[in-house]
Amino acid sequence: MSTETERDSGTPTAREGIRAAITPPTKGNGGQGFWQLLETDLGWFGFARTPIRAEQVIERAALPAAHRVLIARVVKRTKLWRRERADVARELVAHFVDGIGAGASEAGLVSAFGDERRAASLIRRAKKRGRGVVWQVWKRGWQGAGCVVLLAVGAYLYFGLRVWTSSPSITRNYVAELNAPALAVPESERGWPLVREAILAQAKPPTFTDEDGTVADVVVGEARPGTKHWSQVVSHLRQSERTLSLLRAASAKPALARRLVLDDDRELMVAVHGMSPTGGTHPPPEYPDMIGILLPHLGSIRQCGRLLLADALLAVSESQSERVVEDVRAALWLGEHTGEGEILISRLVGLTVFQASIQVVAEMVAETPSVLSEEQWRSIAHSIASAHGGGRIILPLGSERAMFDDVLQRTFSDDGRGGGTLTSEGLNYLSSMGLPGELNLVLGKPTDSSGAFAPIAAAIIADRRSQREIFDGIVCYQEFLAGRPLWEQPTKAEVARRIDGPLDGPFARERFAPVGLVLPALRKVYFWGESVTQERDALLVAIALEIFHRRHAAYPASLAELVPALLPAVPPDRYTGKPLNYVLIGARPVLYSVGTDLDDDAGLHPAKSATRTRVTNRAADWIHPAELERLRQEKPGSIPDGDWVLYPPLATREE
Amino acid sequence: MRIETELMRGAGPVAVLKLLERGEMYGYELVEALSKRTSGVLDMGQSTLYPLLYNLEAKGLIEATWREADSGRDRKYYRLTGKGKKRLAADTEQWRGVIAAMQSLGVVSMGGAA
């Protein structure tokens, strides 16, 4: 029970209790924080009406010690700013004074007060809610920053745990699967041993010079009889007789049957590609990396094709028809079989050789048709028609799918249901392949990629299932496009939306880095296939026209007259789907597609102009009719006015 | 009868706003009024009342002024703001809806609890 004396002034014991209860713990500069420094005994910036310290308020209160201690404890527990504590103390003092004034007992008031801890907590919360906007913003800012940091740390640990604890599951040897068909070919039927020997025999590239002795930039297959360096090319062909013989012999084999290898053919690598002969060979890994497959033979095969075609031209000039047929057949064989195994890049190189072959043959038909007999022309025509499976030239994407599967199995874990997460080994693997710029910035050097930055990369790079979905979506659409002729192709915008769209969003290139690694520029490949298809079709018609001319001493009035004796059907103009266009100009047959402008210009090639250097007007220049009209209006003159003249070939006609 | 904390959390602020509708009051006065006028049902200790008042003040529903009373004592008087009046009207409407719903369910009758 308090005494009146205590109530008036407070006993030393009570005062000490109040001081102990009300004084905040000191630290540093005595507990004077920024907000406290703004306060003085006179209040904020000196404007105050009441004593500022809660301690003073309580000490001066005419209350029993028990009340003052209670108020002091509550006020201390609120941990509010000094001014707020003083205000709370003042109100609680007023409350107890009112209670006593109303006749309530000291103990009764204490009891009615309730739980002091809860009171302090609720008061603190309520008072803070009433603070100014600046403080609220400052507080929310810190809370927000704290949340962001917490989330970031949580995400880092989550992704870190995933990337550091998972490992890739490499279970399929895709290289072995692709090699299986080649290995199934009996050794006696393989062309590769002969081609390999031919490459080794031709290891040293020829050097051509101008009259002043400077080295000339001459491509063997592109030199023509009568041109400046032809005599040097002829000399080179004479020295390459062994290579040519081997290539002709190889073309008698049913398959090239070259295995995909890493670097185990050291003799070839040393002879042709300058690899150090002292380097040790490594045993082939159990699961070779498909992306790591070396295809050094492709460049050599292209040179072999050029050599054969140059020799065919030489044989024409020497009227050696059998050699012409053998050389052309060998070149066509190389073009056909280089793509075995369906590695896309091999198919493309093979198509290059095939395209060069049909161009040389077209020149022969146009300029020196009499060198070959009708039977020989028919034989060459059959070889050309059956190459690449006949029909439209479509480049299969099976190997690209296998390559992507191989990248996935080296990069992600495998949950057995098509899902999986990025692994640190996979990150190193991707990094060593070269990733999009932003990811490389994050990962740094490949050796660092499984370290501290791995969780960041793991957060960016999408999981295995998403990678496959995006890849499949794009490749399936590419295959859908490849299955449609040029005249049924959708607009460029639609194609871009379906093919480029999935990789165009923010960080999409980084998220789908594995897709970007494998996915080639298939759109250009498609147009190229269409171009070669059209050029081949035109050549077959040209050979048929030549034979018709021999039989009838005149060209037919229409291509329909060639069917069915010399052609199974008139091939389509790949721009329109209508029959290929045919006209006689100066008693010479001209075969053409209407070309980019879709307008029949009677077989006239687009003229060169100051504003337009592109005059090829081939399938690769195709523009969707809907976009064509817009381009005509927006950029008059940008569309070449003329046809895509397929025969006679450019090299043999006057511009 | 004391009511559950959850119910008090909903009823307390409305009760305080209603008391202040007639005019300004100080803390102890509110405690007493709540206890007497609700027969102790909405009896709340200071540990509940003052945080409640500070909350209402922070929300701008009431405002406080320190003033010397006739007795010479310093008191903090609370009064309803315009915003508080609107809130009181809205809360009153809601409570009427709740009571009507409870009546239709038979939880309370016109004369009191069922």
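# Reading a two-chain model

Modeller: Start with one residue: Ser319(A) lies in the loop between α15 (297-317) and α16 (321-337) of chain A. Helices (H or I, at least four residues) and strands (E, at least two) are DSSP runs, numbered from the N terminus. The model is predicted: local features need pLDDT of at least 70, and side-chain atom pairs count only at pLDDT 80 or more, while totals for chains, interfaces and linings use all residues. Residues are numbered from 1 along each chain as its sequence is written, chains are lettered from A and ligands numbered from 1 in the order in which they are written, and side-chain values use heavy atoms, with hydrogens and water left out.

Colleague: What is the phi of Ser319(A)?

Modeller: Phi is near 55° there, a positive value in a residue other than glycine. Leu598(A) is another such case, with phi near 60°, and is found in the loop between β6 (588-593) and α28 (625-634) of chain A.

Colleague: Does one say buried or exposed for Ser319(A), and on what accessibility?

Modeller: Buried means under 20% relative accessible area, exposed over 50%, and partly exposed in between (1.4 Å probe, protein chains only). Ser319(A) counts as exposed because its relative accessibility is 56%. Leu598(A), at 31%, therefore counts as partly exposed.

Colleague: Which peptide bonds are cis?

Modeller: One runs from Val563(A) to Pro564(A), with omega near 0°. Pro564(A) sits in the loop between α27 and β5 (581-585) of chain A. Another runs from Tyr647(A) to Pro648(A), with omega near 5°, and Pro648(A) is in the segment after β7 (644-647) of chain A.

Colleague: Next, the core. Which residues touch the most other members of the largest nonpolar core?

Modeller: In soluble globular proteins, nonpolar side chains tend to be buried together. A nonpolar core is a set of buried Ala, Val, Leu, Ile, Met, Phe, Trp, Tyr and Cys residues joined through side-chain atoms within 4.5 Å. Here the largest one has 126 residues, and Val195(A) and Ile384(A) touch the most other members. Helix α27 (residues 522-552) of chain A supplies the largest share of this core, 15 residues. Apart from it lies another core, of 53 residues, including Ala61(A), Leu92(A), Leu42(B) and Met44(B).

Colleague: What does Val195(A) touch?

Modeller: Contact means heavy atoms within 4.5 Å. Not counting residues up to four places away in sequence, Val195(A) touches Leu247(A), Ala250(A), Leu256(A), Ile301(A), Trp333(A) and Leu334(A).

Colleague: Which residues of α8(A) are buried?

Modeller: An α-helix has 3.6 residues a turn, so residues three or four places apart point the same way. In α8(A) the buried ones are Glu116(A), Ala119(A), Ala120(A), Ile123(A), Ala126(A), Lys127(A) and Lys128(A). Their cover includes α5 (65-78), α6 (82-101), α7 (106-113) and α9 (133-165) of chain A, together with α3 (46-58) and β3 (74-80) of chain B.

Colleague: Now sheets. In what order do the three strands of the open sheet in chain B stand?

Modeller: Two strands pair if DSSP finds at least two bridges between them. The order is β1-β3-β2 (chain B), with antiparallel pairing. β1 (25-26) and β2 of chain B are the edge strands, each pairing on one side only. Strand β2 (residues 62-68) of chain B pairs with β3(B) over seven bridges, and Ile62(B) has Leu80(B) as its bridge partner. Between β1(B) and β3(B) there are two bridges, with Tyr26(B) opposite Tyr77(B). β2(B) and β3(B) form a hairpin with five residues between them, and Gly72(B) in the turn has a positive phi of about 90°.

Colleague: Last, the interface. How much area do chain B and chain A bury between them?

Modeller: The size of an interface is often given as the accessible area lost when the parts come together. Buried area is that loss (1.4 Å probe), summed over both parts. Chain B and chain A bury about 2100 Å², 54% of it on carbon and sulfur atoms. In chain B, Tyr28(B), Tyr54(B) and Trp66(B) lose the most area to chain A, together 34% of what that side buries. Counted by contact, 20 residues of chain B meet 27 residues of chain A.

Notes:
Buried area is the accessible area (1.4 Å probe) that two parts lose on being put together, summed over both.
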